[in-house]
Amino acid sequence: MSGDLLDRSDCSDCRRGDGRGDARGRGDDREASVETLRYALNGFLSAVRADRLARASGSDSPQVQRHRVLVTLADELDLDSAGLADVLGMRPAHVTGLLDTLGREGLVEGVRAGRGRGSPVARLTPAGLRALDELDTVFRRHWESAVADLPAGDLSTAARVISRLTGVIIPTR
């Protein structure tokens with residue numbers, strides 16, 4: 001996915017004004033703010049693409065890989081290693097290796113889905129749930145540190161803006 005979707009000239013809400021503004025308060029300041037937001041969002045999307053590439057190549061940190069596997073298993077039931085690889089965007093062989101490691105550590109276990117047919121699916125053990133809680137705490141601290149200087153109102157506004165822009169990037173059908 002490319003941030004170029006935001007550069008569409010047919011977006012009526014994104015067209016440049018004449019600088020005088022209108023009844024909705026669009027002027028030079030608003031235009032500059034929209035451009036700043038577009039620039040920041042394009043940077044964010046570049047970071048997401050780099051993250052996907054690191055994930056697919058297995059080059060992100062082991063702690064991040066562990067967290068991704070554990071959180072996905074907590075959210076998605078009945079995933080075999082191939083299904084988990086699809087969800088995570090990782091190579092199946094890499095996911096199998098991660099599951100083997102996490103299994104030796106007692107964090108995941110393979111169980112038969114349904115009536116014992118098909119491939120075993122990975123499930124979190126109670127120790128896996130505790131490890132996920134610990135990793136969530138670490139990642140939450142990072143998030144909180146990154147936005148510590150921003151007022152709650154700004155964070156709420158940012159969340160609304162991101163939600164709206166998601167519709168620009170991934171239009172509803």
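## Helix 2

In this predicted model, helix 2 buries Gln-65, His-67, Arg-68, Val-69, Leu-70, Thr-72 and Leu-73. The helix has 14 residues, and its first and last C-alpha atoms are 20 Å apart, close to the 20 Å expected at 1.5 Å a residue.

His-67 is one of the residues of helix 2. Its relative accessible area is 14%, which is under the 20% limit, so His-67 counts as buried. Leaving aside neighbours within four places in sequence, His-67 is in contact with Leu-132, Leu-135, Asp-136 and Phe-139.

## Packing of helix 2 on helix 4

The axes of helix 2 and helix 4 lie 11 Å apart and form an angle of about 85°. The two helices are therefore roughly perpendicular. From helix 2, the residues that meet helix 4 are Gln-65, Arg-66, Val-69, Leu-70 and Leu-73. On the side of helix 4, the residues they meet are His-94, Leu-98, Leu-99 and Leu-102.

## The largest nonpolar core

The largest nonpolar core has 19 residues. Those that touch the most other members are Val-69, Leu-70, Leu-73, Leu-84, Val-95, Leu-99 and Val-108. At least two residues of this core come from each of helix 2, helix 3 (81-88), helix 4 (92-104), strand 2 and helix 5. Helix 4 gives the most, with four residues. In soluble globular proteins, nonpolar side chains tend to be buried together.

Which residues does Leu-84 touch, not counting those up to four places away in sequence? They are Val-69, Thr-72, Leu-73, Leu-79, Val-95 and Leu-99.

## Helix 5

Helix 5 covers residues 126-146, 21 residues in number. At 1.5 Å a residue it should span 30 Å, and the 31 Å between its end C-alpha atoms agrees with this.

Gly-128, Ala-131, Leu-132 and Leu-135 are buried in helix 5. Seen down the helix axis, the buried residues fall within an arc of 100°, so they line one face of helix 5. What covers these buried residues includes helix 2 (62-75) and strand 2 (120-124). Two of the buried residues of helix 5, Leu-132 and Leu-135, are among the contacts of His-67.

The face of helix 5 turned away from the buried side carries exposed residues. These are Pro-126, Arg-130, Glu-134, Arg-140, Arg-141 and Ser-145.

Key
Residues are numbered from 1 along each chain as its sequence is written. This is a predicted model: local features need pLDDT of at least 70, side-chain atom pairs count only at pLDDT 80 or more; totals for chains, interfaces and linings use all residues. Side-chain values use heavy atoms; hydrogens and water are left out. The expected span of a helix is 1.5 Å times one less than its number of residues. Buried means under 20% relative accessible area, exposed over 50%, partly exposed in between (1.4 Å probe, protein chains only). The arc is that of the directions from the helix axis to the C-beta atoms. Contact means heavy atoms within 4.5 Å. A nonpolar core is a set of buried Ala, Val, Leu, Ile, Met, Phe, Trp, Tyr and Cys residues joined through side-chain atoms within 4.5 Å. Axes are lines fitted to C-alpha atoms, for helices over the stretch in contact, and angles run from 0 to 180 degrees between N-to-C directions. Angles under 35 degrees count as roughly parallel, over 145 as roughly antiparallel, 65 to 115 as roughly perpendicular and the rest as oblique.
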